[in-house]
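Hello,

Here is the structure I promised to pass on. Please open it alongside this note; what I found follows below.

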Amino acid sequence: MPDFLTLTLGGLTNGAIYAALGLALVIIYRATRVVNFAQPALALLCAYLAHSVNRATGGYWLGLLVALVAGGVLGALTERVLMRPLRRSGELAPVIATLGLLMLLQAVSGMIWSAEPKSFPYAFDFRGAFSPAAVFVVVVVLVTAGAVLALFGATTLGLRMRAAAFKPEVASLVGVKVGLMLTIGWTLAAVVGALAGVLAAPPFLSPTVLDAVFVYALTAAVLGGLENPVGTIIGGFGLGVVLSYVSGYVGPELVTLASLAILVLVLTFRPHGLFGRGVARRV
């Protein structure tokens, strides 16, 4: 029978990755009120760029830096070119657009780098129950989460981003540059998503490597509440541990099914998440 401590530590490592990608979803949702279904494809493209830099230079850190910069650029371009023209096209249009972008970028990645799995390095030694590589993942995600919390809770920029998302007309009247705030939101989210992509890629990178991770990240974001970064982090780590137990004690083939079951249950009984709050509306 698998060791309980080993499963727990492995679940925390995986949960950190789910939390990071879920955090990217939360940033965009809080800043633009859009659920970005193209997030895994943007992260995938950045991970492939990091892989190319790693192969060319042999340097992990340079590849990570390139991935983060590329993520910011891709996020800004996505908002400017694709999302901004759809701002007044209804709530369904952005969803369809991001789904289309997801399929397009996955196809492009496969055409450029092929569908064959490629070796992707860890930042540090990955051997052991809670290896240096695992510690690195957890620490980086926690630091990133702290930075996001500080951004939205203690800075003028975070307040302006939320105002631009919730009340763009009112925000514009008081001097907030709504378009710029939306671009910044997409940029920051794409950077965090690129980080998650690089952390999730080892040991092998392929065009579908982030598909299951995105399902788990979306589940983590829904668990915590799409507007709650703290809840998403807790949801990510908690989900990682639970799925690790499912894989170890029940069977790895049931992990995705377990995640989807959790997602359905939360949406049924707590649609605003375990840590979210419902908003009453007048009708």
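Which residues does Tyr60 touch, not counting residues up to four places away in sequence? Tyr60 touches Asn54, Phe120, Pro121, Tyr122, Ala123, Phe136, Val198 and Leu199. Keep in mind that this is a predicted model.

The largest nonpolar core holds 80 residues, and Tyr60 and Leu199 touch the most other members. Helix 1 (residues 4–32) gives this core its largest share, 13 residues. In soluble globular proteins, nonpolar side chains tend to be buried together.

Now the overall picture. The protein chain has 11 helices and 2 strands. Read from the N terminus, the order is α-α-α-α-β-α-α-α-α-β-α-α-α. The C-alpha trace spans about 60 × 45 × 35 Å along its principal axes. The radius of gyration is 19 Å, which agrees with the value near 19 Å for a compact globule of 283 residues. Buried residues make up 50% of those 283.

Contacts reach across the sequence. Take those between residues at least 6 apart: 78% of them join residues at least 24 apart.

Next, some single residues.

Leu142 is in helix 5 (residues 132–154). Its relative accessibility is 45%, so Leu142 counts as partly exposed. Leaving aside neighbours within four places in sequence, Leu142 is in contact with Ile233 and Phe237. The C-alpha atoms of Leu142 and Ala20 are separated by 8.7 Å, although these residues are 122 apart along the chain.

Thr187 sits in helix 8 (residues 178–200). Thr187 is partly exposed because its relative accessibility is 21%, and the cut-off for buried is under 20%. Beyond residues up to four places away in sequence, Thr187 touches Gly72, Gly75 and Ala76. Thr78 is 109 residues from Thr187 along the chain, yet their C-alpha atoms are separated by 8.9 Å.

Ser206 is in the loop between strand 2 (204–205) and helix 9 (211–224). Is Ser206 buried or exposed? Ser206 is buried, with a relative accessible area of 14%. Not counting residues up to four places away in sequence, Ser206 touches Leu44, Tyr48, Ala115 and Pro117.

Finally, two points of backbone geometry to look at. Most residues other than glycine have a negative phi, and most peptide bonds are trans.

First, the peptide bond between Pro202 and Pro203 is cis, with omega about 0 degrees. Pro203 lies in the loop between helix 8 and strand 2.

Second, Ser114 has a phi near 70 degrees, a positive value in a residue other than glycine. Ser114 is in the loop between helix 4 (92–113) and strand 1 (118–119). At 28% relative accessibility, Ser114 counts as partly exposed.

Best wishes

Definitions and conventions
Residues numbered from 1 in each chain as written. Heavy atoms only, no water. Helix = DSSP H or I, 4+ residues; strand = E, 2+ residues; numbered from the N terminus. Rg over C-alpha atoms; globule rule 2.2 N^0.38 Å. Buried < 20%, exposed > 50% of the residue type's maximum accessible area, 1.4 Å probe, protein only. Contact = heavy atoms within 4.5 Å. Core = buried A, V, L, I, M, F, W, Y, C linked by side-chain atoms within 4.5 Å.
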